[in-house]
Amino acid sequence: PVLVVDFGAQYAQLIARRVREASVYSEIVPHTITAAEIAAKNPAGIILSGGPSSVYEEGAPSFDAGAFALGIPTLGICYGFQVMAQALGGEVAHTGRSEYGATDVSVGVAGTLLGDQPTEQIAWMSHGDSVSRAPEGFEVLASTLSTPVAAFASDEKKLYGVQWHPEVRHSQYGQAVLENFLHRAAGIPADWNSENVIETQVARIREQVGSARVIAGLSGGVDSAVAAAIVHRAVGDQLTCVFVDHGLLRQGEREQVERDYVAATGIRLITVDAAEVFLRELDGVTDPEQKRKIIGREFIRAFERTQAELVAEAAAEGAEPVKFLVQGTLYPDVVESGGGTGTANIKSHHNVGGLPEDLEFELVEPLRTLFKDEVRAIGRELGLPEEIVARQPFPGPGLGIRIVGAVNHERLETLRAADAIAREELTAAGLDGEIWQCPVVLLADVRSVGVQGDGRTYGHPIVLRPVSSEDAMTADWTRVPYDVLARISNRITNEVREVNRVVLDVTSKPPGTIEWE
Ligand code: XMP
């Protein structure tokens, strides 16, 4: 693999993704990794990420300089560039001149790294300190108005560095810089793709599972669907999928799983009809945290009941025992929960797809090394329907946390109808790519006066919350064209009983979260 050394900012994940976009497998490692540990991993290349600190700051994240002597091609980016410069005898100075944002870069020597690129380009910068002198034996490749050494290289040592952020899209030739490093400087072939990820995982799953039986929970979302499909590819009918219908799904979601997904995969599926139980338990509950707890608990109960039945059934038939449980854990979850770095866990959602901790089952996690976009690519490769693969995120507690107030059957019907209209119109307007997700919220405890036909109405508002985001950690409200909003508003107020007003949420995250509860 290519190791991406994380100096504690959010850049490492982005770099790891860009490397994979260049069809090279990458892994994120903490900056505390030692040269010996690196050598043991035998990486094809190393990329040092940017970071929030100055190399002179007390407690600035350090890096074992011995790694530069291993002969492994290494690229330093921003903070990583300065760490490299300092470790190898160059100079990093507080110039007092910071650069933030789009910056003009002049390329003096193209070399391996900047070959085939224009000599004047715009790159994304974010730094206070600068490299003021390159280490001995290094050639300065580029500069900016305030940074004399904006990139350097030693082909002989296979060490390279850039002050700017090539992983950021605003850097005009950023991806080219990364690809030149990977393919030309480090000589790594572009041969990592969905097909061989599937092949590798299928082999691994077969080895792990043997002839035992496997259970997978489906949530209707992309991750669990793709995870189960890969496992099915590997062990066929040893797998049974369980889908808990908690009655808090949107229009058409159950059918999508029961019909389209099963048709595409041939997976054996058990749907648990638990809507009545959930509604009973949620009766009269208005507190969001309370709702989440109830939904999470009931979900686990429903799942465990079915699981127990399957285990008993296998035993009664004298069939292979059920020993494994599939989970759609993704790489960012692994990295963020400390599996990749020391970075703190910023937010742990009560994931309804999440399963109890005292498992008697061994986990099968075929997506543990993958990012979301890669999971989608693999889903397509496995032939899953686009409605599932391209699905926008939807919270596990479902519509239960999109009704502000108590949840009941009528309110769910109202919200489901409004949500279906909003989704239909946003899709028809071609906005699905731009919108990360668009929660539609029913303010069930709020009423306002309206007039429809000749009569006074006293109905409930529907809130539209379209947001754009990269990862749901931060988000901005999407500037949906007025005519699309007008169409959605017209249709909802005309077609959905009880709703006489549609409002738009224009709050970014932070301060607002994406969901209302
Ligand atoms: P917030 O509201 O925290 O949401 O800004 C961030 C993202 O997480 C989704 N979300 C959840 N997903 N279980 C989930 O599986 C949950 O309990 C949950 N709560 C929020 C939300 O839809 C958004 O994509």
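This is a predicted model: local features need pLDDT of at least 70, side-chain atom pairs count only at pLDDT 80 or more; totals for chains, interfaces and linings use all residues.
**Entry 1: α14 and α15**

Helix α14 covers residues 409-428 and α15 covers residues 482-495. I looked up how they pack and got an angle of about 150 degrees, with the axes 9 Å apart. Anything over 145 degrees counts as roughly antiparallel, so I put α14 and α15 down as roughly antiparallel to each other. The crossing of α14 past α15 is right-handed.

Next I wanted to know which residues make the contact. On the α14 side I noted Ala417, Ala418, Ile421, Ala422, Glu425 and Leu426. On the α15 side I have Val484, Arg487, Ile488, Arg491, Ile492 and Glu495. I sorted the residues of this contact by type and got eight nonpolar, four charged and no polar ones.

**Entry 2: α9 and α10**

I then went to helix α9 (residues 275-282) and helix α10 (residues 288-316). Their axes come within 10 Å and cross at roughly 150 degrees. That makes α9 and α10 roughly antiparallel to each other, by the cut-off of 145 degrees. I also logged a right-handed crossing for α9 past α10.

For the contact, α9 brings Val277, Phe278, Glu281 and Leu282. Helix α10 answers with Lys291, Ile294, Ile295 and Glu298. My tally for α9 with α10 reads five nonpolar, three charged and no polar residues.

**Entry 3: α6 and α7**

How do α6 and α7 lie relative to each other, roughly parallel or roughly perpendicular? I looked up helix α6 (residues 194-209) against helix α7 (residues 222-235) and found the axes crossing at roughly 65 degrees, coming within 8 Å. The range for roughly perpendicular runs from 65 to 115 degrees, so α6 and α7 are roughly perpendicular to each other. This crossing is right-handed.

In α6, I listed Ile198, Gln201, Val202, Ile205, Arg206 and Val209 as the residues that meet α7. Their partners in α7 are Ile230, Val231, Arg233, Ala234 and Val235. The contact of α6 with α7 splits into eight nonpolar, one polar and two charged residues.

I found Ser23 in the loop between α1 (11-21) and β2 (26-30).

Then I looked for cis peptide bonds. One joins Lys509 and Pro510, with omega at about -15 degrees. The bond from Pro510 to Pro511 is also cis, with omega near 10 degrees. Pro510 sits in the segment after β23 (499-504), and Pro511 lies in the segment after β23 too.

How far does the predictor trust its own model? The mean pLDDT of the protein is 93, and 96% of its residues reach 70 or more. The complex gets an ipTM of 0.99 and a pTM of 0.84 from the predictor. I flagged residues 339-353, where pLDDT stays under 50. For that stretch the model has 31 contacts beyond four places in sequence.

Note on methods:
Residues are numbered from 1 along each chain as its sequence is written. pLDDT is the predictor's confidence in each residue, from 0 to 100. Two residues are in contact if their C-beta atoms, placed from the backbone, lie within 7 Å. Axes are lines fitted to C-alpha atoms, for helices over the stretch in contact, and angles run from 0 to 180 degrees between N-to-C directions. Helices (H or I, at least four residues) and strands (E, at least two) are DSSP runs, numbered from the N terminus. Angles under 35 degrees count as roughly parallel, over 145 as roughly antiparallel, 65 to 115 as roughly perpendicular and the rest as oblique. A crossing is left-handed if the near helix is turned anticlockwise from the far one by less than a right angle, and right-handed if clockwise. Ala, Val, Leu, Ile, Met, Phe, Trp, Tyr, Cys and Pro count as nonpolar, Asp, Glu, Lys and Arg as charged, and the others, Gly among them, as polar.
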